[in-house]
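Dear colleague,

Please find below the structure for your review. My notes on what was found in it follow directly after.

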Amino acid sequence: MILHRPNEINVLGLSSNNGKSDFSGIVYHANYLRFMERGRTNYLRLLGADQRALFDEAETEAPGFAFVVRAMQLEFLRPAHMDDLLDVVTRPLEVRGASITLHQEIRRGAILLLEADVKVAFVSGGRARPIPRALRVAMKADQA
Amino acid sequence: MTASLNGEIRDGRHHMRLRVYLEDTDAGQIVYHASFLRFMERGRTNYLRLLGTNQQELLAEAQEDAPGFAFVVRSMKIDFLKSAVLDDVLEVVTVPEEVKGASITLFQECRRGTDLLVTASVRVALISGGKAQRIPRALRLAMQADK
């Protein structure tokens, strides 16, 4: 289940006790960014799980690497509510030498709630670096 | 005291200062990207609050035109230029960019001194009774006066 739907998010678990939804029961806009980061993290995790060598290679080329968000464009189309079960869909849009643009959607069933383009850069040792080849190749293979 | 809490409007721009606390940061004590959205919402809220206190009747009139009104974010375009870290004192600057009948676009900046850290263009719409509504004239005029 976890492997098949790694990005499924239960808003109840996120919102009821943690102040993640406001008094109206609507999800606070900044929390969608948390949901999307989980989507990106799990996407990377699965790329790594699919290709064990990938993260080892990235780690060798750029020790202590991380992705940082450089720019986002967000369209909030409809609100999500407490108890909603949401899907976060993440796919690479543009894979370049030092940055990747991902397209992300948050859906409730067939209903699109939010659309985003997220540009992330690869950072290691506090500085922007070229993205290791293995990671680029893995993402390019996923591009539509 | 209240003035410093709410920030202030100077030359049509709302300025608000805040300090970065541990809860705003990630594992590396760098401000988590979603935290900037919370900072900017504070800026927008205090800007509206100041518009309301500067013109007492404004919010009352808005309340009459659109009971239980609230602003919701429709779209954002954000550039993260530099990072902020724990204990930084940041300034959030908010200025109306485009004031239309049913939506307002605000331009916002997060700065540390002269360093520009984050810029954002934020389009908000007014909803009342669960539906998008025209923005009350008094509010539109108050923001247009700031442009």
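Across the interface of chain B and chain A of this predicted model, the rule finds zero salt bridges (a side-chain nitrogen of Lys or Arg within 4 Å of a carboxyl oxygen of Asp or Glu). Six residue pairs across that interface are in polar contact, both residues being at pLDDT 80 or more; such a contact is a pair of N or O atoms within 3.5 Å, where within protein one must be able to donate a hydrogen and the other to accept it, and residues adjacent in sequence count only if both atoms are side-chain atoms.

On the side of chain B that touches chain A, helix 2 (33–54) and strand 3 (70–80) each supply at least two residues. Strand 3 of chain B gives the most, with eight residues. Helices (H or I, at least four residues) and strands (E, at least two) are DSSP runs, numbered from the N terminus. By class, this side of chain B divides into seven nonpolar, two polar and seven charged residues; Ala, Val, Leu, Ile, Met, Phe, Trp, Tyr, Cys and Pro count as nonpolar, Asp, Glu, Lys and Arg as charged, and the others, Gly among them, as polar.

The contact (heavy atoms within 4.5 Å) takes 16 residues from chain B and 15 residues from chain A. About 1500 Å² is buried between the two chains, with carbon and sulfur atoms giving 54%; this is the accessible area (1.4 Å probe) lost on putting the two parts together, summed over both. In chain B, Tyr32(B), His33(B) and Phe80(B) lose the most area to chain A, together 31% of what that side buries.

Strand 2 (residues 66–76) of chain A and strand 3 of chain B run antiparallel and are joined by five bridges; DSSP must find at least two for strands to pair. Ala71(A) stands opposite Asp79(B).

Two loop residues deserve a note on backbone geometry. Most residues other than glycine have a negative phi. Asp83(A), in the loop between strand 2 and strand 3 (85–95) of chain A, has a phi near 80°. Asp87(B), in the loop between strand 3 and strand 4 (89–99) of chain B, likewise has a phi near 80°.

Residues are numbered from 1 along each chain as its sequence is written, and chains are lettered from A and ligands numbered from 1 in the order in which they are written. Local features need pLDDT of at least 70 and side-chain atom pairs count only at pLDDT 80 or more, while totals for chains, interfaces and linings use all residues; side-chain values use heavy atoms, leaving out hydrogens and water.

With kind regards
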